[in-house]
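Please look over the charged side chains in this model. My notes are below, point by point.

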Amino acid sequence: MKRIFLISIICFFSQGLFGQSYNDSSQTEDIMDYESIVRELSKSSGTNRASVYSPDPLAAVRFHVGVGFTNSLSTVEDSERGLSLQAPLKGVAARFGIDLLSTEWRAEAGITTYETYDDKETSSKIDLKEFDLSILGITPVSRLWAYKIGMGLSARYLNVVQAEADLKEIEYTTPALTIQTGVVANVGPKFSISTDLHYRKSLIQETADKSALDFMVRLDGHF
């Protein structure tokens, strides 16, 4: 009888001890699982924040608007009409540009309208309008100064009126290659003054508008 009583007491305490150990180990595993879940959620949240606040490459892109005054020396030659002269032309240009994902590269378009030139020797009047597209590379020298070089294409619309010719008026549409260089002076974060030198060469032979050398002074705004 005593043995049965002792065995019962031993079994009771054994169940209590093993049950407590099992509960402790289960709680420990639950805590470890909870901590691992929290770590994974923290990593995921950090990744999402990084993707949300990643810098936008288009945020630094600026637009450019400018106006300039140009002087051009244009070579006009047409042997069939007996026309050969160097026409000094004055004009006004409007320029529009945008950065090409960098402040050192720019795409630019321009429209230039020239005053009518009256040549007394040939009794000719010359009107010229031009539209051009170009790609520019701009290299800063200091905070104030930079220089630029570029290349592009232009469409030139030359109208010639000759009082003594059989066909008094004729218009030439000329595609041309343009090469340009210039110096830029920054007068603030939003404005700059530049001087540009342009050389234009006709891409076709069937035109009187052979070539031109232009000098321009311009004011640009950057936004």
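1. Basis. This is a predicted model, where local features need pLDDT of at least 70, side-chain atom pairs count only at pLDDT 80 or more, and totals for chains, interfaces and linings use all residues. Residues are numbered from 1 along each chain as its sequence is written, and side-chain values use heavy atoms, with hydrogens and water left out.

2. Count. The structure holds eleven salt bridges. The term means a side-chain nitrogen of Lys or Arg within 4 Å of a carboxyl oxygen of Asp or Glu.

3. Asp132 and Arg95. These two form a salt bridge, with the closest N and O atoms 2.9 Å apart. The pair links distant parts of the chain: Asp132 lies in strand E5 (residues 124–140) and Arg95 in strand E2 (residues 83–99), 37 residues apart. Strands (E, at least two residues) are DSSP runs, numbered from the N terminus. Both Asp132 and Arg95 are buried, that is, under 20% relative accessible area (1.4 Å probe, protein chains only).

4. Asp196 and Arg218. Their side chains meet in a salt bridge at 2.9 Å, N to O. Here too the pair links distant parts of the chain: Asp196 is in strand E8 (residues 191–202), Arg218 in strand E9 (residues 209–222), 22 residues apart. Asp196 and Arg218 are both buried.

5. Network. Salt bridges that share partners join Arg95, Glu108, Asp132, Lys148, Asp196, Arg218 and Asp220 into one network.

6. Lys120 and Asp118. This salt bridge spans 3.3 Å, N to O. Lys120 is exposed, at 68% relative accessible area; Asp118 is partly exposed, at 35%. Exposed means over 50%, and partly exposed falls between that and the buried limit.

Notes. Helix = DSSP H or I, 4+ residues; strand = E, 2+ residues; numbered from the N terminus.
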